[in-house]
Amino acid sequence: MSDQPSSTSDLSDKDRLRIEANRQRALNLRLARLTAHPYGAAKSRPPETAVAVKSHGVNVIKVSGSKFIDSGGGFLIEQRTGGSKEEEPSVDEKEPEVDSVPLPVEFDECLECGDRFADSWLMATFGYKVCDACRDNDGKHSLITRTEAKQEYLLKDCDLDKREPVLKFISRKNPHNVRWGEMKLYLHIQIEERALQVWGSEENLVKEKELRDEKREVTKVKKYNKRLKELRMDMRSSLYDKRETSKAHTHAWDEDEVYNEEEDTYTRKCESCGHQETYEKM
């Protein structure tokens, strides 16, 4: 006969605990088979809820820290940790590591109001520390084209492109003609600061502009006078030629006339030009 006890009263406390643990595990496995959905994502759940994971074509169910393999025939096989690779399928148990430490956020102090801000349009576009609340689109924070910046503030290409720090800009299509090249728009206040770096002070910039305006006026007057002189010379030469060509020549005839008896004519000669004239006396 078998030595197995015939009733639960003959079981020891250790056997009862083992039976209760097996019963609880069977209940958990049954709950896992009912709740695990192969197409659903794992959501928030209690610590003891079963989780279904599919890896390398094998369904693995985790229950209370233990892993079971779904055989597909209605049975769950406990996954062994010490078996050979031939007996158990290879399952990737590694889960993606999630960096739970938040990245530090850098705050900048607004140059206008002094408040701290994390991001703004001027900071992201031009690197200028002004918050969106203090942005003045029609005033100091307006945009200026590259050509206007060079003409108004007497800046060169090297001042905009090579002098550190290099000024940032945005490109926009030319509103006058779409076939022309794109315009480069700079921040007006940054152009003013760059002009002060180049010329040292606003007074020096004003003096340089006045000096260039004077030179421009002198050059303009010289060109005007030169052109006027050329026109006068052309006019005088044309008048001289016209006067000389239109003036009639007065002959100074020689007093000695030559008589031709055969034709009964007379011939005389101009003393100044040598012109000869033949005529008849009536």
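## Confidence of the model

The average pLDDT of this protein, which is a predicted model, is 76, and 68% of the residues score at least 70. Among the elements of the protein, the highest mean pLDDT, 94, belongs to strand S7 (residues 143-145), while strand S1 (residues 51-55) has the lowest, at 52.

Two stretches call for caution. Over residues 40-50 pLDDT stays under 50, and the model has 8 contacts beyond four places in sequence for them; over residues 83-93 pLDDT likewise stays under 50, with 16 contacts beyond four places in sequence. Where pLDDT is low, the predicted coordinates should not be read in detail.

## Thr-125 in helix H2

Helix H2, which spans residues 121-126, contains Thr-125. This residue has a relative accessible area of 18%, and because buried means under 20%, Thr-125 counts as buried.

A polar atom of the Thr-125 side chain lies 2.8 Å from the backbone oxygen of Trp-121. When neighbours within four places in sequence are left aside, Thr-125 is in contact with Lys-168 and Ile-170.

## The two sides of helix H3

In helix H3, covering residues 146-153, the buried residues are Arg-146, Ala-149 and Tyr-153. Seen down the axis of H3, these buried residues fall within an arc of 65°, and therefore they line one face of the helix. Thr-147 and Gln-151, on the other side of H3, are exposed.

Just after H3 comes Leu-154, which takes a positive phi of about 55°.

How values were computed: Residues numbered from 1 in each chain as written. Predicted model: local features only at pLDDT ≥ 70, side-chain atom pairs only at ≥ 80, totals over all residues. Heavy atoms only, no water. pLDDT = per-residue confidence, 0-100. Helix = DSSP H or I, 4+ residues; strand = E, 2+ residues; numbered from the N terminus. Contact = heavy atoms within 4.5 Å. Buried < 20%, exposed > 50% of the residue type's maximum accessible area, 1.4 Å probe, protein only. Polar contact = N/O pair within 3.5 Å; in protein donor to acceptor, adjacent residues only side chain to side chain. Arc of directions from axis to C-beta.
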